[in-house]
Amino acid sequence: MGGCGSQDDQAAKSPKELQPLTVGLMPDTDSLPFIIAQEKGYFADEGLKVDIQQFKSAMDRDSALQSGNLDGAVSDMLAVAFAKDGGFDVKVTSMTDGSYKLVAGKDAGVQSVADLKGKDVSVSRNTIIEYVTDQILVHNGMQEGDINKVIIPQIPTRLEMLQNGKLAAATLPEPMASIAVHNGCHFVTGSDELGINPGVILFTSKAVADKKAEIAAMYRAYNRAVDYLNNTPRDEYIDLVVDKGGFPPAAKEALKLPEYHKAALPKEQDVTDCIQWLRSKDLIKDTYGYQDIVTDLLGKASS
């Protein structure tokens with residue numbers, strides 16, 4: 001009888017006894033629902049401890065993921081394919097609301113994509129930033145060789161060099177793109193205008209196997225944060241997100257948030273287009289289908 005009783009006690013406690021999750025974030029608007037969920041206590045309400053790690057470059061984030069220091073990250077489809085191709089299995093659990101923009105320097109004399117021919121445009125190599133830049137070129141009847149790509153992995157450095165007139169243009173995530181425009185640079189075009197959305201949240205296959213309940217709890221808190229961001233006056237959270245998001249002080253005035261969406265799986269087209277781009281540049285050996293990359297844990301998040 002004692003044995004049965006202790007099992008019942010364990011079952012009664014188990015919903016609250018969740019393992020911690022460690023999640024890597026970048027200084028971009030994709031990461032804000034995590035920051036809100038942490039700071040407003042939504043994770044704590046789920047009985048979940050989330051250890052948030054901040055990164056300034058995709059390379060540093062991906063190294064941390066592959067060395068076992070992260071369970072998951074705000075990331076992108078390319079990083080997923082690179083990890084899988086390198087023998088490190090990760091799964092996409094939802095898309096994000098990230099936005100990537102091509103911004104020209106204030107004195108570069110650039111009004112359109114065509115004006116960038118032969119000019120210095122900064123990207124981070126083999127990342128979502130370069131992918132979006134290449135898609136912009138294709139949509140405007142240009143090729144990769146028509147611009148001079150300057151490789152600057154760290155996002156804050158890329159922003160600084162653009163603002164200091166060292167580059168004709170750069171592709172930046174939000175809020176760095178809005179900060180550049182706020183400081184006199186010129187918006188040219190971006191992922192929203194192309195209708196592409198390659199930003200994702202991913203987890204290692206180990207976390208997907210071992211921490212299903214934790215990931216579901218995380219998404220319940222994430223969805224509450226989405227509601228908060230969409231329905232709360234900007235003044236109430238702007239200081240918090242600038243401080244905790246790793247954004248420069250200029251973001252307080254410049255930051256324009258997207259309308260956030262509750263966690264949902266990415267569109268198949270967004271996955272296929274990224275894989276095709278990677279294959280066309282011989283960056284990955286294998287072709288991955290939607291099912292290879294995406295796993296659905298969101299049903300559990302609604303229960």
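Predicted model: local features only at pLDDT ≥ 70, side-chain atom pairs only at ≥ 80, totals over all residues.
Student: Okay, which residues touch the most other members of the largest nonpolar core?
Tutor: They are Phe34, Leu172 and Phe203, in a core of 100 residues. A nonpolar core here is a set of buried Ala, Val, Leu, Ile, Met, Phe, Trp, Tyr and Cys residues joined through side-chain atoms within 4.5 Å, and buried means under 20% relative accessible area, with exposed over 50% and partly exposed in between (1.4 Å probe, protein chains only). In soluble globular proteins, nonpolar side chains tend to be buried together.

Student: Which helix gives the largest share of this core?
Tutor: Helix H11, residues 212–231, gives the largest share, with 10 residues. Helices (H or I, at least four residues) and strands (E, at least two) are DSSP runs, numbered from the N terminus.

Student: And what is leucine 172 in contact with?
Tutor: Leaving aside neighbours within four places in sequence, leucine 172 has contacts, meaning heavy atoms within 4.5 Å, with residues including Ser99, Tyr100, Ile129, Leu159 and Ala180.

Student: Switching to helix H4, which of its residues are buried?
Tutor: In H4, residues 58–66, the buried ones are Ala58, Arg61, Ala64 and Leu65. Seen down the helix axis, they fall within an arc of 130 degrees, so they line one face of H4; the arc is that of the directions from the helix axis to the C-beta atoms. An α-helix has 3.6 residues a turn, so residues three or four places apart point the same way.

Student: What does that buried set pack against?
Tutor: The buried residues of H4 pack against strand E3, helix H5 (77–85), strand E4 (90–95) and strand E10 (199–204). Just after H4 comes glycine 68, which takes a positive phi of about 85 degrees.

Student: Does Arg61's side chain make a polar contact with serine 75 through the side chain or the backbone of that serine?
Tutor: Through the side chain: the two side chains make a polar contact at 3.3 Å. A polar contact is a pair of N or O atoms within 3.5 Å; within protein, one must be able to donate a hydrogen and the other to accept it, and residues adjacent in sequence count only if both atoms are side-chain atoms. Serine 75 sits in strand E3, residues 72–76, and counts as buried because its relative accessibility is 3%.

Student: How many disulfides are there?
Tutor: The count is zero, where a disulfide is a pair of cysteine sulfur atoms within 2.5 Å. Cysteine 185 counts as buried at 6% relative accessibility, and cysteine 274 counts as buried at 0%.

Student: What about helix H6, is it mostly covered or mostly open?
Tutor: H6 is mostly covered, since 10 of its 12 residues are buried, among them Ile128, Tyr131, Asp134 and Leu137. At 1.5 Å a residue, the 12 residues of H6 (residues 128–139) should span 16 Å, and its end C-alpha atoms are 16 Å apart, which agrees; the expected span is 1.5 Å times one less than the number of residues.

Student: Where is the cis peptide bond?
Tutor: The cis bond joins glutamate 174 and proline 175, with omega about 10 degrees, and proline 175 lies in the loop between strand E8 (169–173) and helix H8 (176–182). Most residues other than glycine have a negative phi, and most peptide bonds are trans.

Student: Which residues other than glycine have a positive phi, then?
Tutor: Among them is asparagine 126, whose phi is near 55 degrees; asparagine 126 is in the loop between strand E6 (120–123) and H6 and is partly exposed, with a relative accessible area of 26%. Aspartate 282 has a positive phi of about 55 degrees too, lies in the loop between helix H14 (268–280) and helix H15 (290–293), and counts as exposed at 67% relative accessibility.

Key. Residues numbered from 1 in each chain as written. Heavy atoms only, no water.
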